[in-house]
Number of protein chains: 2
Amino acid sequence: MDDKIRIGHGSGGSMMQTLIREVFIPAIGNPYLEAGGDAALLPFPEGALAFTTDTFVVNPLFFPGGDIGKLAVCGTLNDLAVVGAKPLYMSAAFLLEEGLDIRVLKMILASMAGEAEAAGVPVVAADTKVVEKAKADKVFIQMSGIGQVSSDKRHLSSMEKLVPGDVLIVNGSIGEHSVAVLAAREDTPLLCPAYSDCANLTGLIEEVWPFMSGIHAMRDLTRGGLATVCCEMASLRRLGIKLREEEIPVLPVTESFCELFGYEPYYLANEGKVILAVEKTMAQDVLKIWRAHPLGKQAAIIGEITDLSPDEVILHTRIGGKRRLIPLPGEQLPRIC
Amino acid sequence: MDDKIRIGHGSGGSMMQTLIREVFIPAIGNPYLEAGGDAALLPFPEGALAFTTDTFVVNPLFFPGGDIGKLAVCGTLNDLAVVGAKPLYMSAAFLLEEGLDIRVLKMILASMAGEAEAAGVPVVAADTKVVEKAKADKVFIQMSGIGQVSSDKRHLSSMEKLVPGDVLIVNGSIGEHSVAVLAAREDTPLLCPAYSDCANLTGLIEEVWPFMSGIHAMRDLTRGGLATVCCEMASLRRLGIKLREEEIPVLPVTESFCELFGYEPYYLANEGKVILAVEKTMAQDVLKIWRAHPLGKQAAIIGEITDLSPDEVILHTRIGGKRRLIPLPGEQLPRIC
């Protein structure tokens, strides 16, 4: 264990897992927190609550396809949706750097308001703190969200129903969020523009609620991307995961970005992509429903759960090879969310 | 309206009120947010929820009587308690500066854990982000809290029951939190040590639940202190407030600090003080109960609600004068919470 915080400790990779396991859990751990899903599921008189929190530190604040405000609202809604909750309320705490242009704040708020209104989920509690110049970076937003859970959806975040044979489906092409943010940050010349996939997935996820009995796991593919989520799934349930490279949707702009900079799309962050593991018998129905939804047009079956290589995520490549995807220690691209 | 964010915009004073009114509310406003209490009160199937959020940016991280971790937990619990809620769950989002000593993080977490455990309220959701050096200041913590509200307590945050004749009671001496933080920050030589009053007030507040029907308002005296809360009460209900200087408990260390630096104790921040407005007939009973509680030994009746000077808070001084306490535009001491 390091004795100083490094950028990689905020990455979603194995350095962050170590920090959580060795520093946070021993201090403030409890079964709800240790369950480690995208939102905590909490008993509540006459029902159950989903409760999630996230800080958004994306740099730059504005990027093709979104901005920190849209990102914060969508990220919060998505974390509730993937545990099977109906989002009800959000809170927002703003940490502002002295000297911030208030027009920038207004643009961010307008974007948040638009997303929140479209979702019908109000920001009901808020806080503002201002710190001195160079003690923050323009705007950080911390959002929490509360959702309501019906009891038959509670197994989703635990992944305890995952079994060999389950089919993995994603709702579209991976990696665009990282590409869009990095291109905006570095003023990177790309052959064609990249747009973040930042989107509120609650509608898309509601479409598959009728199949909830056969959906054994659901996660959004944020920090660390597809590979990191698959590694977590595999290690949590000690099962193997087989991914087929030729089936994983990747846009040409993402492919050329990866070639240019030496990244792999499987580790790039998404803000509008979700993976689910579903019983084989239901897979085609789920795929069909998602493909009919605007946020699932490129949905694809990309692999399955196996019992052949416990704890391992194996990518079957286009040229017939096999390659193990391992958890990265840190993040390829810090501050993308 | 300024076009840049200034330190005063995070103060709890009138600059912050302007920012909220002109920038935040037009963008993300809704009745729950605009109610403006310490926590939002939300309808929920079979009950009501209280939901609060705050970012903690105190500098320094450790001060006599507390630290940012204790402050975050107590502040969150208190915001729920003052709206009449029983705190159930908390979330914590950590924003860490690259290079932070992990021992410092561990000390903060241990402090949070101690307070959370003593209160029986777990941290059920958490998030960690790391930003580059000089893009944050060591540690910022954002906490949200959920509490359960029984319907007879819902009027507390609206203050709509305030009437002339109501008696104002505080649970002890004011201002020590600001004094302790500033002394720690500046290495200010004080004649005697100052300790923050940082404390979880839920137990103290539960003691007066039997009198809830006669309690017409309750607020904790954080940013902006006693004067700011009284000004808000007066302006919200268009009533006058009379405060008696000789009855307001102020420790000698706070008095000498104020004399030395030109502050007024009424504007100093507290983290373990609450004011309530109660029907005159119940005032002595409430006072007696609080004085029997460890956090209310110095409780005092400090004034009353009047109909003589609508919107005005009038301090009746020791020497027989009258002085109006007005809302400050910014904060005397930034980053005290």
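## Domain organisation

Chain A comprises domain 1 (7–151) and domain 2 (155–325), with bounds taken from an automatic or database domain assignment. The model is predicted: local features need pLDDT of at least 70, side-chain atom pairs count only at pLDDT 80 or more, and totals for chains, interfaces and linings use all residues. Residues are numbered from 1 along each chain as its sequence is written, chains are lettered from A and ligands numbered from 1 in the order in which they are written, and side-chain values use heavy atoms, with hydrogens and water left out.

Taken over C-alpha atoms, the centres of the two domains of chain A are 22 Å apart.

## Extent of the interface

In chain A, 32 residues of domain 1 contact 26 residues of domain 2 (heavy atoms within 4.5 Å). About 2300 Å² is buried between these domains, 59% of it from carbon and sulfur atoms; buried area is the accessible area (1.4 Å probe) that two parts lose on being put together, summed over both. A:P64, A:N78 and A:V82 supply 23% of the area that domain 1 buries against domain 2, more than any other three residues.

## Composition of the domain 1 side

Elements giving two or more residues to the side of domain 1 that touches domain 2 are helix 1 (14–28), strand 3 (62–63), helix 3 (68–81), strand 5 (85–97) and helix 4 (102–119) of chain A. Helices (H or I, at least four residues) and strands (E, at least two) are DSSP runs, numbered from the N terminus. Helix 3 of chain A gives the largest share, eight residues.

Zero salt bridges are counted between domain 1 and domain 2 of chain A (a side-chain nitrogen of Lys or Arg within 4 Å of a carboxyl oxygen of Asp or Glu).
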